[in-house]
Amino acid sequence: MSPAILVLAAAGSLVSAFSPAPSPAPAVRAVADATADAYKSLAADRGPAIVTIKYVLKDGEEESEEEVQGFLVDQGGLVLTSNVLMGGVPEAFKQMMGGRNRSPKEIKVLIGDDNEGLAGTLVARDSELDLAWVQITKIGDAKPTFVNVDSGKSATLGDQLFTVERLGKFNDRAQVINESRVRAVVSKPRTLVLPGRAHESSFGMPVFGADGSFVGVSVLQLPSREEMEADQGGMSAMRAYRGAWILPAADVAKATALAREQAKSGKPVDEEPAAGEKPAEPAEPEAPAAK
Amino acid sequence: METRPLARSSLRLAAVLVLASGSLLSVPSCVSSGGTPAADPQVASARDRVFPALVNIRVVTVSYFGGQETKGGGTGSGTIISPDGYVLTNAHVTGDGVKYFCILADKQEISATMVGEDPLTDLAVLKLNLSELKPGTTLAVAGFGDSDTLAIGDPVLAMGSPFSLSRSVTLGIVSNTSRVFTSGFGSEELDEMELDYGQSTGSLTNWIQHDALINPGNSGGPLVNLRGEIIGINTRGGSGMGFASPSNLARSVADQIIAKGEVVRSTVGMAFKAISKTGLTRGVLVNTVNKDGPAARVGIEPGDVIVAIDGSPLTVRFAEEIPPLLRLITSKPVGTDVRFTIDRKGSTLELTVKTEKLLREKGDETLLRTWGISAMEITEAIARSRRLPSREGALVTGVRSGSPPDLSEPKLQYGDIIRSIDGRPVRSVKELSDVYQSIMKVEKPEDIPEFVLIEVDRNGKNQVTVIKPRPPKKEDQPQELPKAWLAVETQPVFRDLARKLSAEATPGFRVTRVYPNTLAAGSDLRPGDLIVAVGDEKMSPRGMQDAGQLQRKIRSFRPDDKVAIRVIRGGTPVNVDVTLERTRITASEARTDENKDFDFSVREITFFDRDEQRWDDSIQGVIVTNVERVGWAGLAGLSFGDLVQRINDREIRGIDDFRTVMADLAKTQPTRVIFAVLRDNRSTFLFAEPDWKPAIKQD
């Protein structure tokens with residue numbers, strides 16, 4: 001969408017707010033219709049992939065029922081969401097503060113406005129990327145709509161961004177469209193896209209471009225352990241970080257492939273060194289001498 | 001022993017504190033110098049007659065709160081009152097107890113069993129397990145004196161174990177022989193005190209007030225006259241005042257408990273008020289008449305004035321005279337006809353009331369552990385106070401957060417009366433426990449039904465809900481996705497530091513540690529090396545914002561990738577090839593297990609634990625991550641960070657061993673469990689004395 005049309009659209013809404021609404025100029029109406037069509041199209045095409053994840057979170061002796069959102073990434077019932085939404089702690093906090101992931105249990109995945117849910121298991125986490133994957137235990141013959149994370153596109157400065165989210169159980173889990181634009185693309189500490197404020201709290205949600213293509217997942221990104229340690233606790237580093245960032249589609253696809261692999265093998269991270277490599281004691285330091 | 005509320009008004013009881021205590025407070029020490037005169041011969045004689053029979057009582061308690069079980073412990077004092085090992089103490093010392101231990105004068109600690117408690121007088125009797133006594137031990141026994149002969153000013157000795165310290169004696173005088181607690185300064189209304197939630201106490205007692213110093217821990221200990229006789233049982237104290245239950249009352253209660261396990265009392269179903277402020281000159285005012293009680297059935301009404309009982313004239317002017325009246329009525333055999341002469345608005349009535357058995361106010365409790373529900377028997381007092389139409393059902397006293405009934409819709413909640421479960425009637429707390437056990441005690445967890453229907457009454461409305469009663473499966477949390485890792489710790493070297501370190505002033509990442517037993521350790525990387533490039537990418541941190549550059553770059557590879565690392569060593573560039581490896585599991589990702597029988601959690605040892613603690617592979621075990629203070633493990637002294645290496649001589653090599661051993665313990669239910677732990681790299685043995693879940697706890 002060109003800047004000129006955007007200005008027209010903004011002017012149209014201002015006019016409607018402060019004076020009797022005249023018939024919109026043809027160009028404005030065209031933009032409005034196009035946006036309305038995009039909303040409807042997203043809701044129809046992408047909305048069904050958005051699921052609600054219910055679980056019981058145990059934190060010490062207290063247990064609480066939680067309800068978050070995620071999205072299906074294949075027809076086999078693999079669901080992707082934000083790690084912190086599933087009781088995970090960001091990577092930096094795990095070693096620095098002894099933070100420990102809280103274990104969700106009794107996970108149910110609710111597709112559409114279903115209220116019963118399908119049993120699920122948390123199969124993998126990536127604390128660094130803020131991703132978590134839940135596998136629906138028995139998907140049955142259902143062929144649910146999913147978001148193909150392997151066919152994503154990159155987002156660039158100024159691109160339109162959309163998410164489809166769902167309201168809570170008191171509002172029929174109705175779909176909500178959020179819209180913003182790419183405000184920045186950064187390469188450090190990793191490649192990330194900064195969305196508009198409409199997406200500041202869309203953690204775990206897939207983000208789409210104007211043509212409905214998958215551009216990434218909205219995630220929490222905090223400084224790494226090394227960065228926080230170098231920053232004497234990381235407060236200035238923390239301040240530099242914002243709400244949700246968009247993790248590019250390519251990173252999501254790569255991590256999801258690994259998660260699928262891990263979910264299938266059922267094997268945890270290998271503790272042992274690779275076969276054929278013999279570990280050894282480290283060499284003595286040169287200088288300064290170790291004490 | 002936790003402090004219990006004894007009265008509804010904290011102001012009234014500002015000076016009164018419960019004596020049993022589980023905490024040790026600081027006590028000033030008292031050092032005597034030489035040349036002190038010998039003890040008063042009478043004091044010494046009295047001490048020697050009772051002191052050997054004094055015991056320190058240790059109680060392991062289980063109580064229910066919020067649908068959960070709380071274990072605890074407390075201490076108090078007691079006296080051996082018979083050669084066959086009966087020990088008299090306070091009911092608030094033994095309350096909620098599931099295990100009892102007595103330390104005798106010769107330091108022998110032997111277990112004891114509960115004979116009976118009498119909450120109304122706050123007295124209880126334990127029986128020592130004499131078979132545990134060392135051969136040749138002769139039990140010392142103390143005798144009772146006549147508390148009715150006690151006079152204000154008489155010297156008395158208080159004996160016991162204040163603050164759980166070893167036994168002590170203090171000396172004082174009797175300040176009052178018929179003290180009662182009233183509901184306010186100048187009030188003539190007998191205070192309604194509660195021993196525990198829903199259980200009143202003290203209304204039958206005219207306390208002996210004295211100033212022999214007593215403190216928490218003295219509870220249940222004897223008050224002794226100079227003849228060496230028990231003339232009271234110390235029960236309350238504070239602000240320099242002690243209050244003892246008179247020996248004549250205590251002896252009578254103890255005799256009945258020993259004979260029948262309980263004290264059977266009569267009731268006529270009414271409460272009384274002294275007449276000092278009524279303008280009346282004789283009799284006692286009927287203050288309350290229990291609906292449908294014996295007095296109500298014959299037509300006695302609140303406001304009536306009773307002027308005689310069984311023909312004997314009666315006047316109760318002051319609150320101190322109420323306990324004797326209550327004792328007169330309650331001491332009559334159940335079913336006795338009592339004739340009341342009543343003055344009602346100038347007319348005289350003769351009404352005869354047949355007494356009924358005085359029932360306990362607080363009912364049996366049970367915990368449906370997997371369901372997270374605690375429930376209580378509906379006693380007459382509870383039914384009356386909650387305005388329930390009958391005593392049928394079980395009163396929900398707590399629902400654990402996140403438990404099946406808490407997650408059901410609608411949720412079960414405090415105050416609900418459970419009427420039926422899956423169509424099976426629940427008329428009592430015992431039936432609730434029976435139904436629960438019939439559902440849950442099955443061979444395999446999958447035999448437990450998926451849903452259970454519970455019918456409850458809630459504020460007069462009949463409601464139904466379903467819960468999912470199956471316990472959740474134990475699942476290890478998912479592991480992190482594997483990432484590539486270079487097993488070194490580094491320090492970013494920025495420009496200024498780089499200038500001091502080398503002539504080239506090259507920023508980079510200085511290796512501060514190479515983890516042993518890793519692929520990095522097998523490479524040529526060394527502490528002190530300055531990493532300046534990984535592959536083709538320069539590692540050149542400009543400030544703290546780039547401190548994560550190296551490891552972020554490393555994580556962009558796959559585990560097992562070989563990478564070329566360029567370092568500066570001693571001013572000379574060196575190329576080092578390193579095979580990356582998978583990230584090691586951190587404490588936050590380690591497998592864990594939580595044991596609810598002993599209320600503690602553990603996790604497996606990680607690579608980083610071994611590195612930090614310098615543990616080689618011969619060190620095995622599981623690391624304690626959480627201990628509930630009031631669980632069996634907590635009471636045994638298990639602490640955060642302990643490495644549990646053996647449990648009852650079975651080796652614990654990891655989480656799987658731990659789960660197996662703990663599951664076996666739950667089946668065999670031993671009375672003692674020994675944890676061999678490594679704490680601060682020193683071995684320690686800890687002894688737990690679990691109680692294996694009584695189905696119903698009686699109070």
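**Around strand 12 of chain A**

Let's start where strand 12 of chain A pairs with strand 13 (residues 244-248) of chain A: the two run antiparallel and share five bridges. One of the pairings to look for puts Val219(A) across from Trp245(A), its bridge partner in strand 13. Keep in mind that this is a predicted model.

Strand 12 itself spans residues 214-220, and seven of its seven residues are buried, leaving it mostly covered. It also pairs with strand 11 (residues 206-208) of chain A, again antiparallel, through three bridges. Here Pro206(A) sits opposite Val217(A). The hairpin made by strands 11 and 12 has five residues between the strands, and Gly212(A) adopts a positive phi near 85° there.

Back to Val219(A). Looking past residues up to four places away in sequence, Val219(A) touches Ser82(A), Leu129(A), Asp130(A), Leu131(A), Phe203(A), Ala244(A), Trp245(A) and Leu247(A). Along with Val79(A) and Ile246(A), Val219(A) touches the most other members of the largest nonpolar core, a set of 58 residues. That core takes at least three residues from each of domain 2 (49-136) and domain 3 (149-259) of chain A. There's a second, separate core too, with 50 residues, including Ile81(B), Cys102(B), Ile230(B) and Ala244(B).

Now hop over to Ser180(A), in strand 8 (residues 175-181) of chain A. Beyond its neighbours within four places in sequence, its contacts are Leu161(A), Pro195(A), Gly196(A), Arg197(A), Ala198(A) and His199(A). Gln160(A) lies 20 residues away from Ser180(A) in sequence, yet their C-alpha atoms are 5.9 Å apart.

Key:
Residues are numbered from 1 along each chain as its sequence is written. Chains are lettered from A and ligands numbered from 1 in the order in which they are written. This is a predicted model: local features need pLDDT of at least 70, side-chain atom pairs count only at pLDDT 80 or more; totals for chains, interfaces and linings use all residues. Helices (H or I, at least four residues) and strands (E, at least two) are DSSP runs, numbered from the N terminus. Two residues are in contact if their C-beta atoms, placed from the backbone, lie within 7 Å. A nonpolar core is a set of buried Ala, Val, Leu, Ile, Met, Phe, Trp, Tyr and Cys residues joined through C-beta atoms within 7 Å. A residue is buried if 20 or more other C-beta atoms lie within 10 Å of its own, exposed if 12 or fewer, and partly exposed in between; C-beta atoms are placed from the backbone. Domain bounds come from an automatic or database domain assignment. Two strands pair if DSSP finds at least two bridges between them.
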